[in-house]
Amino acid sequence: MANKGQLLATAQQLCEQRGVRLTPQRLKVLALIIEHHSSISAYELLDLLRDSEPQAKPPTVYRALDFLLAQGFVHKVESTNSYIACCLLGHADHCSQLLICSQCGNVEECHDEELAKLLRQRAEQRGFEVTNHVVESHGVCQHCKNK
């Protein structure tokens, strides 16, 4: 994964190109997600955001998350109702496979263009237009297996 500075700079550049505003709050929420290195819930984000913005409320975080999701900067981990930074900013059509450890809770994103192509083909055969791919795989990570 790119480092935090590279990801934030890429996000800012993409927002400028797209003509959308990456407000300081949205940028801060994205930075907090990147710093977390795994999935994080909206309320965990709110607690962290309150360190620098004590007046922050849940709608503040949810609006920022909605924006970041819409821009493809984060992914929602549906099974845990949490969020993870996308490690491939600017590639809206990529298929994200989230590897979720059932022991430690770590979430890692990986990409497979062949998987994305196969999913698109299967959907198109059924007349379905895919707008977003997120595949969640649950199991045990290398770190937990080695314990």
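Q: Which side chain does Lys4 meet in a salt bridge?
A: In this predicted model, the side chain of Lys4 meets that of Glu35 in a salt bridge, with 2.4 Å from N to O. Lys4 belongs to helix α1 and Glu35 to helix α2, so the pair ties together parts that are 31 residues apart in sequence.

Q: How many salt bridges turn up in the whole structure?
A: A search of the whole structure finds one salt bridge. Across the interface of domain 1 and domain 2, the rule finds zero.

Q: Ok, and where are those two domains in the chain?
A: The domain assignment places domain 1 at residues 4-85 and domain 2 at residues 96-146, and their C-alpha centres lie 21 Å apart.

Q: How many residues are in contact between them?
A: Ten residues of domain 1 are in contact with eleven residues of domain 2. The area buried between the two domains is about 700 Å², and carbon and sulfur atoms give 52% of that area.

Q: Which residues of α4 are buried?
A: The buried residues of α4 are Thr60, Val61, Ala64, Leu65, Phe67 and Leu68. Seen down the axis of the helix, these residues fall within an arc of 160°, so they line one face of α4.

Q: What covers them?
A: The cover over the buried residues of α4 includes the helices α1, α2 and α3, together with the strands β1 and β2.

Q: And which exposed residues sit on the face turned away?
A: The face of α4 turned away from its buried side carries the exposed residues Arg63, Asp66 and Ala70.

Q: What follows α4?
A: Gly72 follows α4, and its phi is positive, near 80°.

Q: Which residue other than glycine has a positive phi?
A: Asn81 is one with a positive value, its phi being near 50°. Most residues other than glycine have a negative phi. Asn81 is found in the loop between β1 (74-77) and β2 (82-85), and at 43% relative accessibility Asn81 counts as partly exposed.

How values were computed
Residues numbered from 1 in each chain as written. Predicted model: local features only at pLDDT ≥ 70, side-chain atom pairs only at ≥ 80, totals over all residues. Heavy atoms only, no water. Helix = DSSP H or I, 4+ residues; strand = E, 2+ residues; numbered from the N terminus. Buried < 20%, exposed > 50% of the residue type's maximum accessible area, 1.4 Å probe, protein only. Arc of directions from axis to C-beta. Contact = heavy atoms within 4.5 Å. Domains from an automatic or database assignment. Buried area = accessible area lost by both parts, 1.4 Å probe. Salt bridge = Lys/Arg side-chain N within 4 Å of Asp/Glu carboxyl O.
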